[in-house]
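Hi,

Here is the model I promised to pass on.

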Amino acid sequence: MENIKENLKYIIYWTIIFIVSISMIIYGIAKPFQFANFTSSSNINLSQGHKLMWSFYSYSLTYPIIIGVFEIIGGITLLFYRTRILGCILLTVILSNVIIQDFVYEVTALNSAIFYQVLVLIIIFFDFKKLKNILVELLKFQNKKKNLILMIIALCIALIIKYFETKIL
């Protein structure tokens, strides 16, 4: 019985990985075509916010292409054990951005973005031990000697550079 349970978990895990990975790769590849030549839509079912956001994306295809490249990278990294957590983090950043935009601009694809984000969270749940080890290592206390005088000098230099930055740039 235990073997059947483990096999079922394995099948569910890889099904979710394949769903998200394939979808993100397809969405990434489609990004340049999805927003090409969208000046306005006669589709009365689209909200004004939806039309506005799509017009923004279609103004210059550079931004959608960049998002698409990261979707492709995220989809590919999910397929490999060593990079799966990185892929989940990358896709969470992208999908969070999409979810916020879809919500704010009333885009009908909101449910799809939420669906994929939930699947990414399930993948993270399956790999929680690995994520925990990564977080422990990232947040591990390191007893490094701090030189307060040098930190104050660095802060003063940073403030001076910021002052000139606001005047020049």
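Val69 counts as partly exposed, at 41% relative accessibility; on this scale buried means under 20% relative accessible area, exposed over 50%, and partly exposed in between, with a 1.4 Å probe and protein chains only. Val69 sits in helix H3, where helices are DSSP runs of H or I with at least four residues, strands are runs of E with at least two, and both are numbered from the N terminus. Its C-alpha atom is 8.6 Å from that of Ile25, although 44 residues separate Val69 and Ile25 along the chain.

Some housekeeping before the rest. This is a predicted model, in which local features need pLDDT of at least 70 and side-chain atom pairs count only at pLDDT 80 or more, while totals for chains, interfaces and linings use all residues. Residues are numbered from 1 along each chain as its sequence is written, and side-chain values use heavy atoms, with hydrogens and water left out.

On confidence: pLDDT is the predictor's own confidence in each residue, from 0 to 100. The protein chain averages 90, and 94% of the residues score at least 70. Helix H5 (residues 110-126) has the highest confidence, at a mean of 97, and helix H2 (residues 48-59) the lowest, at 76.

Now back to helix H1, which spans residues 2-34 and includes Ser21. Ser21 is buried, with a relative accessible area of 1%. What does Ser21 touch, leaving aside its neighbours within four places in sequence? The answer is Gly75, Ile76, Leu78 and Leu79, with contact meaning heavy atoms within 4.5 Å.

Met24 is also in helix H1, and at 2% relative accessibility Met24 counts as buried. With neighbours within four places in sequence again left out, Met24 is in contact with Glu71, Ile72, Gly75, Leu91, Leu95 and Tyr116. The C-alpha atoms of Met24 and Gly74 are separated by 7.2 Å, and these two residues are 50 apart along the chain.

Next, the pocket. For the method: on a 1 Å grid over the protein atoms alone, a pocket is an open set of points with protein on both sides within 12 Å along at least five of seven lines, a cavity is a set where a 1.4 Å probe fits but cannot get out, and lining residues have an atom within 4 Å of a point.

The largest pocket is lined by 21 residues, and the closest to its centre are Lys31, Gln34, Val98, Asp102 and Ala109. Elements giving two or more residues to this lining are H1, H2, helix H3 (62-78), helix H4 (84-104) and H5. H4 provides the largest share, six residues. By type, the lining divides into 14 nonpolar, four polar and three charged residues; here Ala, Val, Leu, Ile, Met, Phe, Trp, Tyr, Cys and Pro count as nonpolar, Asp, Glu, Lys and Arg as charged, and the others, Gly among them, as polar.

Then the salt bridges. There are four in the structure, each defined as a side-chain nitrogen of Lys or Arg within 4 Å of a carboxyl oxygen of Asp or Glu. Including these:

- Glu6 and Lys9 pair up at 3.9 Å, N to O. Both lie in helix H1, three residues apart, about one turn of the helix. Glu6 is partly exposed at 39%, and Lys9 is partly exposed at 39%.
- Lys162 and Glu165 meet at 2.8 Å, N to O. Both belong to helix H7 (residues 148-168), three residues apart, about one turn of the helix. Lys162 is partly exposed at 46%, and Glu165 is partly exposed at 30%.
- Lys140 bridges to Glu137, the closest N and O atoms being 3.3 Å apart. Lys140 is partly exposed at 45%, and Glu137 is partly exposed at 49%.

Glu106 is placed in the loop between H4 and H5 and counts as exposed, at 54% relative accessibility.

Cheers
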